[in-house]
Amino acid sequence: MRQPALTSTASFQALESHAVDAKTWQLRQLFAADAQRFPKLTVDAAGLFLDYSKNRLDATTIGLLLELARERGVERQRDAMLSGEKINLTEHRAVLHTALRMPRGKALVVDGQDVNADVHAVLDQVKDFTDRVRNGAWLGYNGKPITDIVNIGIGGSDLGPKMAVLALRSYAHPRLKMHFVSNVDGHDMDAALAQVKPETTLFIIASKTFTTAETMLNAGTARAWFLENGGASDNLAKHFVAVSTNTEAVKAFGIDPANMFPFWDWVGGRYSVWSAIGLSVALAVGFGYFSDFLAGAHAMDEHFRAAPLEQNMPVLLAMVGFWNRQFLDCGSLSIAPYHQDLNRFAAYLQQLDMESNGKRVTRNGAAVDTPTCPVVWGECGTNAQHAYFQLLHQGTDIVPIDFIAALRATHDLPGHHDALLANCFAQSEAFMTGKTADEVRADLAGQKLSAEQIEELVPHKTFPGNRPSNTILMDQLTPGALGALIALYEHKTFVQGVIWDVNSFDQWGVELGKVLAKNIQSELTGEVKPERHDSSTNGLIFMAKAAQHI
Ligand code: F6P
């Protein structure tokens, strides 16, 4: 259905008028004025807790934001996605990553395909294979069990598995060491190969299309290395498996289709960790924990599907993010997991959010009339505090932050977890309250400083505060909690895409660079004469050719 321009909608205009006033609000005052602010602006779902009370908004703002969500058809489009309608208009595809985590036996037929049966048939294949590798029944060519697994993939075929394997480190099999090679830069592959032996290594070639240039080059390099270092070609089947939607290309590469784990075109790359693309995760933690991971995501899906918008965590997270982006002019969003095992989570969210909603036209091809996706970035706390938090506290841009923490650690080292949580909560408090000039003066009064020295220091030590943040808590970083957390952000991304009326499921913006890289590569290797680029690009190509004596 054609959506009216966002700024022309009644609910957007109501928000615009409301924002004139709301922009002047101070978070300190909002908290002082309402003792119930925390219980009012927090929500529980699927084992997660979201505190969005430290944002510059109130219950009226939320009411208006939810009116906008309704006017834009969030509920209708959510139901369309969940039921398998082809909402990815430019690629004529359904968007069914939620089907990947549905329990067995839930009916879902799309285009004559029994989606649930197909998903569970592949999950059975994953279970059988991962069980055999983990229990040592799957042997390498000289009869030894597998010790190292190298996942070769990029984008969604790398970021999700790598992030999840790190996040679930505490649940991992002690014999299996996981490696991830994504970059076309040979240093990536070189570093991985230096750590493994052909006879005990399993390579997973993970690529939805099986045509991605980086992955195909890396896969070819891995196969050549295997054959040059003792592996014979009839042993390839014991050491190379593929995860893809492209059976023909997998066969052409030389992988036995019996060692191929399929998925489907209705799984977007950045939404694919739940599919067989998560094979490395299942190998690391075992099928039981992988099932818990899927179940955690499914619990969030059910919440997203059924909860009223007022208590719907992904919807609230999305609408608060929209408020900050649109009305507080926040062009970026910082992700601060206070959990070292989530140290690839921000990188994962970058693809999820920015490849989905980094768009400038609506689903009908008209220019959007508001800003869309903020720049997403971040690092784990407390490291981030000692790097860039200075700018977040006292810089000129306002950057909202999502703090993510587990109430209980998955280690038993004394003292650390309280210190970690204390820092997490202190940071969100500091961003919110800031420190006034008078508070700085009071602090400095006790020190042996002249009045003049104090006044010199006051502007430097004053914090404006009033900086928005969310805090997302879980009990422990379990497979289920991780599944729910990822699904929360997936649905948040979806809801924001609906508000902006962009197609969150295509990614045409990555194509231009791919085509140009192909042209330049043939110029660099000397097969083709340099094309007439601009003087900068020509200059760089000539420098590279000269350095390599081509
Ligand atoms: O180039 C972007 C992209 O298409 C991502 O969306 C995707 O996750 C990645 O490339 C890898 O694609 P594939 O799994 O087909 O190799």
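Tutor: Asp111 counts as exposed because it has 9 C-beta neighbours inside 10 Å, where C-beta atoms are placed from the backbone and a residue is buried with 20 or more other C-beta atoms within 10 Å of its own, exposed with 12 or fewer, and partly exposed in between. The model is predicted, and local features need pLDDT of at least 70, side-chain atom pairs count only at pLDDT 80 or more, and totals for chains, interfaces and linings use all residues. Residues are numbered from 1 along each chain as its sequence is written. Asp111 lies in the loop between strand 3 and strand 4 (113-114), and it has a positive phi of about 55 degrees although it is not a glycine. Helices (H or I, at least four residues) and strands (E, at least two) are DSSP runs numbered from the N terminus.

Phe210 has a positive phi of about 55 degrees and is not a glycine, but Phe210 is buried, with 25 other C-beta atoms within 10 Å. Its place is the loop between strand 7 (201-206) and helix 9 (213-228). A further backbone feature is the cis peptide bond from Gly381 to Thr382, with omega near 10 degrees; Thr382 lies in the loop between strand 11 and helix 16 (389-394).

The loop that leads from helix 5 (74-82) to strand 3 (109-110) holds His97, which counts as buried because it has 23 C-beta neighbours inside 10 Å. Beyond its neighbours within four places in sequence, His97 is in contact with Val267, Gly268, Tyr271, Trp274 and Glu490, contact being C-beta atoms, placed from the backbone, within 7 Å. From His97 to Trp264 the C-alpha to C-alpha distance is 9.8 Å, although the two are 167 residues apart in sequence.

Turning to the helices, helix 13 (residues 287-306) has 20 residues and reaches 28 Å from its first C-alpha to its last, close to the 28 Å expected, the expected span being 1.5 Å times one less than the number of residues. Its buried residues include Phe290, Asp292, Leu294, His298, Asp301 and Phe304, and among the elements that cover the buried residues are helix 5, helix 14 and helix 20.

Helix 14 (residues 313-327) also meets helix 4 (residues 59-71), where the axes come within 10 Å and cross at roughly 105 degrees; axes are lines fitted to C-alpha atoms, for helices over the stretch in contact, and angles run from 0 to 180 degrees between N-to-C directions. Helix 4 and helix 14 are therefore roughly perpendicular to each other (65 to 115 degrees; under 35 is roughly parallel, over 145 roughly antiparallel, the rest oblique). Thr61, Leu65, Leu66 and Ala69 of helix 4 make this contact with Val315, Met319, Phe322 and Trp323 of helix 14. These residues divide into 7 nonpolar, 1 polar and no charged, with Ala, Val, Leu, Ile, Met, Phe, Trp, Tyr, Cys and Pro counted as nonpolar, Asp, Glu, Lys and Arg as charged, and the others, Gly among them, as polar.

Helix 15 (residues 345-357) has its end C-alpha atoms 18 Å apart, in agreement with the 18 Å that its 13 residues should span. Of these 13 residues, 10 are buried, so helix 15 is largely enclosed by the rest of the structure. What covers its buried residues includes helix 7 (159-167), strand 10 (332-338), strand 11 (375-378) and helix 20 (479-500).

How values were computed: Two residues are in contact if their C-beta atoms, placed from the backbone, lie within 7 Å.
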